[in-house]
Amino acid sequence: MAEPYDVIIVGGGPAGLTAALYCGRARMKTLVLEKATTGGQAATTDVIENYPGFPDGIGGYELTERIKQQALEFGAEIQEIKEVISLEADGKLKLLKLADSTLSARSVIIATGSEPRKLEIPGVEEFHGKGVSYCATCDGAFYRDRVVAVIGGGNSAVEEAIFLTRFASKVYIVHRRDELRADKILRERALENPKIEFIWDAHLKKILGNGKVEEMVVENKNTHERTSYQIDGVFFYIGAVPNTEFCEGLVELDGREYIITDEALRTNVPGVFACGDCRANLLKQVAVAAGEGALAAVEAEKYVEEEDW
Ligand code: NAP
């Protein structure tokens, strides 16, 4: 097997790329493994308004590309892969199994983020890509002068519903309670937006159509009354599921599959650290992910330096 890396960072979103930039500056032999394109979920966000230093906001793609450039300039390698199948420990070394090879490292930083939670109701699978979407930034422009629905009441749902009003003639927000979870500033903007109509206390029950989305059926949770709405697209923002399956069994997870760490971002496995949205932390934000990436990198550097190899 080839000489081990000092650190392999799994995931190339804001947490992983920031960790790579710090590890690169520490002159560690650093590899970032990224499943699709770098940037993670942040790269699919139209504008990030609360990352410090950008008073006019910055595009999610642009921000993550900039962090990536910094990481590359400090010597990190980035490799696009299909997926990491498993993480195993071999003495002090860590082994990352890919479909066609195994990589080894003295330390590993897990920064795999999360992916959108899916709702298991009729029509979701059938119309995926035919009106069912998880990315308003990617697909919003297809809905110019059309009617769309956004499912969820958190920051993502409300932010993306507001974004969709740039294109759509009407945006329904279907939320299972009568109050939004989203931050106050977003709530205010959504409530003032004339193109947004709220459907409160409601569960989406099914999506219907002929080859593409044409209708949704929503049930009021109090009266159980069902109502049909003519729509052209549905965007789901009902939370996220952490990408931690590959390390299950080795790394300790909480009841919701998030990675448990101590305050130095150490997992239960010496030399394995976790940062960003895949970690059981209190706040899922790009600024937090970047900060955690920095800390995980510094702790990984300490670990690699202090051990005998
Ligand atoms: P989230 O905060 O977990 O909100 C998920 C929303 O979906 C909630 O309103 C929840 O309803 C609803 N929901 C969950 N399961 C559902 C189901 N089975 N059926 C119907 N509705 C369901 O998720 P998120 O909005 O994706 O945000 C994830 C994290 O990223 C959060 O920490 C968020 O603050 C952060 N984030 C921040 C920003 C920003 O700061 N601008 C932007 C995007 C995301 P209930 O409210 O009833 O639980």
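**Notebook: cores and ligand site**

I began with the largest nonpolar core, which has 31 residues. Ile9, Cys23, Leu63, Ile109 and Cys275 touch the most other members. I am working from a predicted model.

β1 (5-10), α1 (14-25), α2 (60-73) and α6 (286-306) each supply at least two residues. α6 gives the most, with eight residues.

I then took Cys275 by itself and left out residues up to four places away in sequence.

I found another core lying apart from the largest one. This other core has 23 residues, including Val84, Leu87, Val251 and Leu253. In soluble globular proteins, nonpolar side chains tend to be buried together.

I moved on to the ligand. I counted 18 residues around the ligand. Asn155, Glu159, Arg177, Arg181 and Gln285 are the closest. I sorted the shell by residue class: three nonpolar, nine polar and six charged.

Glu159 places a side-chain N or O atom 2.8 Å from a ligand nitrogen. Gln285 has a polar side-chain atom 2.8 Å from a ligand oxygen. Gly153 uses its backbone: an N or O atom there lies 3.0 Å from an oxygen atom of the ligand.

Last, I looked up how much of the ligand is covered. Taken alone, the ligand exposes 910 Å². The protein buries 76% of that area.

Terms used: Residues are numbered from 1 along each chain as its sequence is written. This is a predicted model: local features need pLDDT of at least 70, side-chain atom pairs count only at pLDDT 80 or more; totals for chains, interfaces and linings use all residues. Side-chain values use heavy atoms; hydrogens and water are left out. A residue is near a molecule or strand if one of its heavy atoms lies within 4 Å of it. A polar contact is a pair of N or O atoms within 3.5 Å; within protein, one must be able to donate a hydrogen and the other to accept it, and residues adjacent in sequence count only if both atoms are side-chain atoms. Accessible areas come from the Shrake-Rupley method with a 1.4 Å probe; for residues, only the protein chains shown count as cover. Ala, Val, Leu, Ile, Met, Phe, Trp, Tyr, Cys and Pro count as nonpolar, Asp, Glu, Lys and Arg as charged, and the others, Gly among them, as polar. A nonpolar core is a set of buried Ala, Val, Leu, Ile, Met, Phe, Trp, Tyr and Cys residues joined through side-chain atoms within 4.5 Å. Buried means under 20% relative accessible area, exposed over 50%, partly exposed in between (1.4 Å probe, protein chains only). Helices (H or I, at least four residues) and strands (E, at least two) are DSSP runs, numbered from the N terminus. Contact means heavy atoms within 4.5 Å.
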